[in-house]
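Please look over the sequence and the model shown here, and then follow the report below, which goes from the surface to the sheets, the helices and the charged pairs.

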Amino acid sequence: MSERQARTFLTNATVVDGDSIEVHQQFTVIIEDECIVWVGPSAEAEAPGAADTEIDLTGKTLLPGFMDAHVHLSSTGGLNPASTLHEPETMGIYRGVWNLGVTLDAGVTMVRDLAGTDYSAVLAVQQGLVRGPNIVTAVSAVGPTAGHSDFRTLSVPFGYHAGRDGVLPNIADDVTEAKRVSRELIRVGAGVIKVMATGGVWSPRDAPEHVGLGIDEMHAIVQEANNRGIYVAAHAQGAEGIKNALRAGIKSIEHGYLIDDEGIELMLEKDAWLVPTLTTGTTPPDPKKATPYAVEKKNRVRAQLQENVSKAFAAGVKVALGTDCGVVPHGQNLREIGLMVDLGLDPMTAIQAGTSSAARLLGVHETRGVIRQGMIADLAVTSINPITNPHGLGDPANITHVFQAGKQVK
Ligand SMILES: [Zn+2]
């Protein structure tokens, strides 16, 4: 008789499976190797064998491991970019290692990094060299000269400049450059292409209301991405740039803070995703750390975004969870769920935005994002009731266990 792999039995749990709207009481989930092999009422489950591990989850809720579709792992939230000029560039790697750990502890088992993190982080997690969620990375972001990805400085303190220029491709000013830069990003390991469809808060020469790349440039990038089986996510805050991105065929609208009625219609028509990043959008800027232009732009957008995003939610736009952590500190990523509920999503839809919906956006829905037999066992356990207290998910102390591919990692 062949010996069977030791299994893990998660028993007596309340299960929110990420897919159905039903909450399952007194359920058992059996994990073997990296997969879920059985889900059902505890009364119908087989008894664990002598070699198996049982974790009694009485009073706790088991959910799919969450996904955050918008992070920047290599930066630490709230820092003025100028304050890091006197640190070696490799500090971003150590920041990334730390941020990966606190993100996993927050209940997040997969992230999409939308600029700042190179392909080595993807490999390091895959190879088990660091603990952290699985990563899809954009590596860098493509924008126009003087746009939201153009942080080149006009001078350097005391005339010394030991830094490296142009390490990551991120500026494109016509269709040919847009194609070249996208191909270059694919070469260095991008699993999604990030573009700047509008200006933003932190960039020195533009504003959220300004348009970024043109429709023709973004359309060329969409074609390059689609040719390689990937897709494009657009930083898009102002109303015109959002519509430009949608008309160029972009699937994933990041922020969307100033979206108008026509933009909402277009999102529905194009079946595009909104990643509203309310965690960052609603956080007031710290005038001690942020430059005056950033404080002014942030406050202007913050005053308008809740009304616009609520309208998009009410219209039934597809929503995936994303925080923009890196602009704010990492490790409380699931605060986003409570913030989405505040703007009108029901708690179950907000949870699904961070599980099955995010999995569809990230293209991993066949293996992740739902608790079902045959899926990879990426799971999170909470001590609170996530339906009646969705805000409670945002406190990592309320996330008691995290499983990644069947292994308990918290
Ligand atoms: Zn971002």
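Which residues make a nonpolar surface patch of about 390 Å²? The patch is made by Met91, Ile93, Tyr94 and Val97, and Ile93 lies in helix 1, residues 91-105. Patches are made of residues with over 30% relative accessible area and no salt bridge, where like charges are joined within 9 Å and nonpolar side chains (Val, Leu, Ile, Met, Phe, Trp, Tyr) within 5 Å. Accessible areas come from the Shrake-Rupley method with a 1.4 Å probe, and for residues only the protein chains shown count as cover.

This is a predicted model, in which local features need pLDDT of at least 70 and side-chain atom pairs count only at pLDDT 80 or more, while totals for chains, interfaces and linings use all residues. Residues are numbered from 1 along each chain as its sequence is written, and side-chain values use heavy atoms, with hydrogens and water left out.

**Strands and sheets**

Helices (H or I, at least four residues) and strands (E, at least two) are DSSP runs, numbered from the N terminus, and two strands pair if DSSP finds at least two bridges between them. Strand 1 (residues 7-16) and strand 2 (residues 23-32) run antiparallel and are joined by seven bridges, with His24 in strand 2 as the bridge partner of Val15. The hairpin of these two strands has six residues between them, and there Gly18 takes a positive phi near 90°. Strand 2 also pairs with strand 3 (residues 35-41), in the antiparallel sense and over six bridges, and Thr28 stands opposite Gly40 in strand 3. The hairpin of strand 2 and strand 3 has two residues between the strands, and Asp33 in the turn has a positive phi of about 55°.

Further along, three strands form an open sheet in the order 6-7-8, with parallel pairing. Its edge strands, each pairing on one side only, are strand 6 (66-71) and strand 8 (134-137). Strand 6 is joined to strand 7 (residues 108-113) by four bridges, and Asp113 in strand 7 is the bridge partner of Val71.

Another open sheet has six strands in the order 9-10-11-12-13-14, again with parallel pairing, and its edge strands are strand 9 (141-142) and strand 14 (318-319). Within this order, strand 11 (residues 232-236) and strand 12 (residues 252-255) pair over four bridges, and the bridge partner of Ala234 in strand 12 is Ile253.

**Helix pairs**

The table gives two helix pairs; axes are lines fitted to C-alpha atoms, for helices over the stretch in contact, and angles run from 0 to 180 degrees between N-to-C directions.

| Helices | Angle | Axes apart |
|---|---|---|
| Helix 3 (residues 175-187) and helix 4 (residues 215-227) | about 35° | 8 Å |
| Helix 6 (residues 261-270) and helix 8 (residues 292-315) | about 35° | 10 Å |

In the second pair, Asp261, Ile264 and Leu268 in helix 6 meet Asn308, Lys311, Ala312 and Ala315 in helix 8, where contact means heavy atoms within 4.5 Å.

**Charged pairs**

Side chains of opposite charge can pair when their charged atoms come close. A salt bridge is a side-chain nitrogen of Lys or Arg within 4 Å of a carboxyl oxygen of Asp or Glu, and by this rule the count comes to 18 salt bridges. One of them is formed by Asp19 and Arg372, whose closest N and O atoms are 3.1 Å apart. This pair links distant parts of the chain, 353 residues apart, with Asp19 in the loop between strand 1 and strand 2 and Arg372 in the loop between helix 11 (356-362) and strand 15 (379-382).
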